[in-house]
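Thanks for taking a look at this one with me.

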Amino acid sequence: MTHHILKATKSTVHLGGFSHLLEPALKVDSSDTMDVETYTGYYIYDKAPPEFLTPEFLDICQNLPPERKIAAGPHLLTGPIYVKDAEPGDVLEVKLEAIAPSLPVGFNAIRSGWGALPNQFTQPALRFIPLNLANNTAEFPPNSGIKIPLTPFFGILGVATPENARSSVPPGYYGGNIDNRELQAGSRIFLPIFVPGGLFSLGDGHSAQGDGEVNVTAIETSMNGRIQLTLRKDLHFTAPIAETPTDIITMGFAPTLDAALEQALKNMIDFLERFVNLSPEDAYVLCSLAVNFRITQVVNSPNKGVHGLLPKKLFEEAVSVKPFIRRS
């Protein structure tokens, strides 16, 4: 097992999307760990205060090579990371060991025509929000006394697909712009692999976000993380699944919340059949009794997101649970 340092530079980041044609920023073996640096705010850097800017970030914004501009999405992603021996049909386990803001400021933006209420909030608005990293809070509105706890996570965790250029905006079976606030340090996400090497990228750091992300952005933050990438040839998933210290999480992505809920529910039933040895009907009943389904986000067009949380404490005395839940 090797530990790597992946800094964000104009040769190790890409903008706007994913592509299997992109030159990897790093090649690793299964179970390697890495410290990864990410930046955010490519399209608003010229409006940012000095504390939001670093020389490296400015170099990225001003000199990013054309071949690393993949699609029209707004996200600046670090990667892709090539995992040796990874093949389509395998699963990539991403362990999120540490996640922390790298700068004491983030931003929130209302984009015209986006968000859950685009006809009510029609004017674009950009706010820079100071982060109190010592107290792990942000005050909003300024001088209001309203303190928001910082719960940092990466909004985008995804792999490449056979498409030459895929936008970073919608989430899907490949992960991508999931925007799931549960995926904080101490959690794991499992992503199906579709191209050799997996080509995993991450970014879109969020210091705080509510479920739904209703105005289209969180506290968008340049973020550093420590991750471990493990190739899992023993698992076979067709959609992302995650594990936190307390829950198993299944996900659904679709143009409507109804369809996204249906996907998340079917994925949870499938999990309970495979790893808890329940019948489909018993799994369906258990979902109604004990699984909490929540809106992940409603703004990453064309796909909205719903996730289901299955409490792991339910299985403390269960005798038929397969190792996926108990694996440390």
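**Notes on helix packing, sheet and salt bridges**

1. Helix α2 (residues 257-276) and helix α3 (residues 280-290) cross at roughly 125 degrees, with their axes coming within 9 Å. Axes here are lines fitted to C-alpha atoms, for helices over the stretch in contact, and angles run from 0 to 180 degrees between N-to-C directions. Helices (H or I, at least four residues) and strands (E, at least two) are DSSP runs, numbered from the N terminus.

2. A word on the source: this is a predicted model, where local features need pLDDT of at least 70, side-chain atom pairs count only at pLDDT 80 or more, and totals for chains, interfaces and linings use all residues. Residues are numbered from 1 along each chain as its sequence is written, and side-chain values use heavy atoms, with hydrogens and water left out.

3. Back to the helix pair: α2 and α3 are therefore oblique to each other (angles under 35 degrees count as roughly parallel, over 145 as roughly antiparallel, 65 to 115 as roughly perpendicular and the rest as oblique). On the α2 side, the contact (heavy atoms within 4.5 Å) is made by Leu265, Met268, Ile269, Leu272 and Glu273, and on the α3 side by Pro280, Ala283, Tyr284, Leu286 and Cys287.

4. α2 also lies across β18 (241-243), β19 (247-254), β20 and β21, and runs at about 140 degrees to β19.

5. Those strands belong to an open sheet of 9 strands with mixed pairing, in the order β1-β5-β17-β7-β15-β18-β19-β21-β20. Two strands pair if DSSP finds at least two bridges between them. β1 and β20 stand at the edges with a single partner strand each, so one side of each is left without a neighbour in the sheet. On average, neighbouring strands are turned by 25 degrees against each other, direction ignored.

6. Strands β20 (residues 292-297) and β21 (residues 304-311) run antiparallel, joined by 5 bridges. They form a hairpin with 6 residues between them, and Ile295 has Val306 of β21 as its bridge partner.

7. Elsewhere in the sheet, β7 (residues 91-101) pairs with β17 (residues 223-232) in the antiparallel sense over 10 bridges. Val91 is bridged to Arg232 in β17.

8. How many salt bridges does the structure hold? There are 14, counting a side-chain nitrogen of Lys or Arg within 4 Å of a carboxyl oxygen of Asp or Glu. One of them joins Asp59 to Lys10, with the closest N and O atoms 3.8 Å apart. This pair links distant parts of the chain, 49 residues apart: Asp59 sits in helix α1 (residues 55-63) and Lys10 in the loop between β1 (3-6) and β2 (13-15).
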